[in-house]
Amino acid sequence: MNKQDYILSIKDLKTQFKVGKRIVKAVDGVTLDVRRGKTLGLVGESGCGKSVTAHSIMQLLPKAATIVDGEIQFRPKDKPEFNILKYKRTDKKLRSMRGKQISMIFQDPMSSLNPVYRVGDQIVENIRQHENISKKQAIKKTVDMLKMLSIPMAEERIKDYPHQFSGGMKQRVMIAMGLISDPELLIADEPTTALDVTIQAQILDLMRHMQDQLGFTIIIITHNMGIVADMADDIAVMYMGKIMEYGTKEDIFLRPSHPYTKALLKSVPVLGNGGNERLEPIRGNTPDPSEMPEGCSFMPRCDMATEACNKAAPNVDIGGGHMVRCWHSKGGAPHE
Ligand SMILES: Nc1ncnc2c1ncn2[C@@H]1O[C@H](COP(=O)(O)OP(=O)(O)OP(=O)(O)O)[C@@H](O)[C@H]1O
Ligand SMILES: [Mg+2]
């Protein structure tokens, strides 16, 4: 594939937190390509580093965090590509990128909606930060977007405060806010976790529908394999700060190759696996991220672990861009 076919290429991203005297390697060498116009599902258990990866892309990290290594190449349409990490978070280039070319829906809607301002005013304000249009035009744009997202009586609802919206409606507002600037890339961090299953399905449908209409790329972050099965074209499986396996949805569901991916698929109900298979929890616990094992981080829980796994596993292409970080994947046998 051509470089331009990827809107984002992350190489060896490392983001760490300093907690007292300990260093938490939250993201520990993430390498990942995101295809333009497609949906990438980033999955993995709680604490594996999904949100920190997203916040690193946006350069919106808490003070205790440092990006210690890596490259995040962003390729906006018809503009020169650039490495996001080359710029300070307050740089004009990043400020205009954030919320315009790349926008993000956060895990907790209330962290982005200010409870004391009317919803309409917040979206209008958002538009006018990036676009030189009149307040009247911005209000019209807001109402149109809310209508596209099937919010009834949008003209009236823009005058309401966030707490006057139900969970599902609030999430629609968040999506409206994310899409209002016509971004090229939308990062949605667990956009539906707090919602019940029916509303969740409606919201995901809406996101897909909007993507068909507007053509943006999505990175959807979730620990729900059902959601990625439904939404994603490509899937990245993350464990303890690393991408263990990356491929198309078919690669991951039909030809899973990393022992962690296999274990993950066995541990959760996934639509289509009949529902009568016995679920097997992954044995052991996720190690403390400040005490990362020397070699493969999944080794302590892996049934296939051998002596070789005491060394960091290579990232192997097992065919057509299907990447597996494991000594035991095809062609990955240790040389020494
Ligand atoms: N502000 C912080 N200070 C210290 N450590 C942090 C901070 N934020 C995240 N971490 C640590 O970084 C690691 C990755 O966290 P992250 O929030 O990215 O996980 P996640 O995959 O998004 O999990 P979840 O599915 O629960 O949202 C965890 O070990 C977490 O404890
Ligand atoms: Mg998270």
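This is a predicted model: local features need pLDDT of at least 70, side-chain atom pairs count only at pLDDT 80 or more; totals for chains, interfaces and linings use all residues.

Biologist: How many residues surround ligand 1, and which are the closest?

Modeller: There are 15 around ligand 1, and the closest are Ser 46, Gly 47, Lys 50, Ser 51 and Gln 107. To count, a residue needs a heavy atom within 4 Å of the ligand.

Biologist: What lies 2.5 Å from an oxygen atom of ligand 1?

Modeller: That's a polar side-chain atom of Ser 46. Ser 51 also has a polar side-chain atom by a ligand 1 oxygen, at 2.8 Å.

Biologist: And Gly 47, what does that use?

Modeller: A backbone N or O atom, 2.8 Å from an oxygen atom of ligand 1.

Biologist: OK, helices. At what angle do H6 and H7 pack?

Modeller: About 20 degrees, with the axes 10 Å apart; H6 is residues 167–179 and H7 is 197–214. The axes are lines fitted to C-alpha atoms over the stretch in contact, with angles from 0 to 180 degrees between N-to-C directions. H6 and H7 are therefore roughly parallel, a label for angles under 35 degrees.

Biologist: Which residues of H6 and H7 meet?

Modeller: Gly 168, Gln 171, Arg 172, Ile 175 and Leu 179 of H6 touch Ile 199, Gln 202, Ile 203, Leu 206, Met 207 and Met 210 of H7, where contact means heavy atoms within 4.5 Å. That set splits into seven nonpolar, three polar and one charged.

Biologist: What about H3 against H6, what angle there?

Modeller: About 20 degrees again, with axes 9 Å apart. That makes H3 roughly parallel to H6. On the H3 side are Val 119, Gln 122, Ile 123 and Asn 126, meeting Val 173, Ala 176 and Met 177 of H6. Five of these are nonpolar and two polar, with no charged ones.

Biologist: And how does H3 pack on H4?

Modeller: H3 (residues 119–130) and H4 (residues 135–148) pack at about 120 degrees, axes 9 Å apart. Their contact divides into six nonpolar, one polar and three charged residues.

How values were computed:
Residues are numbered from 1 along each chain as its sequence is written. Chains are lettered from A and ligands numbered from 1 in the order in which they are written. Side-chain values use heavy atoms; hydrogens and water are left out. Helices (H or I, at least four residues) and strands (E, at least two) are DSSP runs, numbered from the N terminus. Angles under 35 degrees count as roughly parallel, over 145 as roughly antiparallel, 65 to 115 as roughly perpendicular and the rest as oblique. Ala, Val, Leu, Ile, Met, Phe, Trp, Tyr, Cys and Pro count as nonpolar, Asp, Glu, Lys and Arg as charged, and the others, Gly among them, as polar. A polar contact is a pair of N or O atoms within 3.5 Å; within protein, one must be able to donate a hydrogen and the other to accept it, and residues adjacent in sequence count only if both atoms are side-chain atoms.
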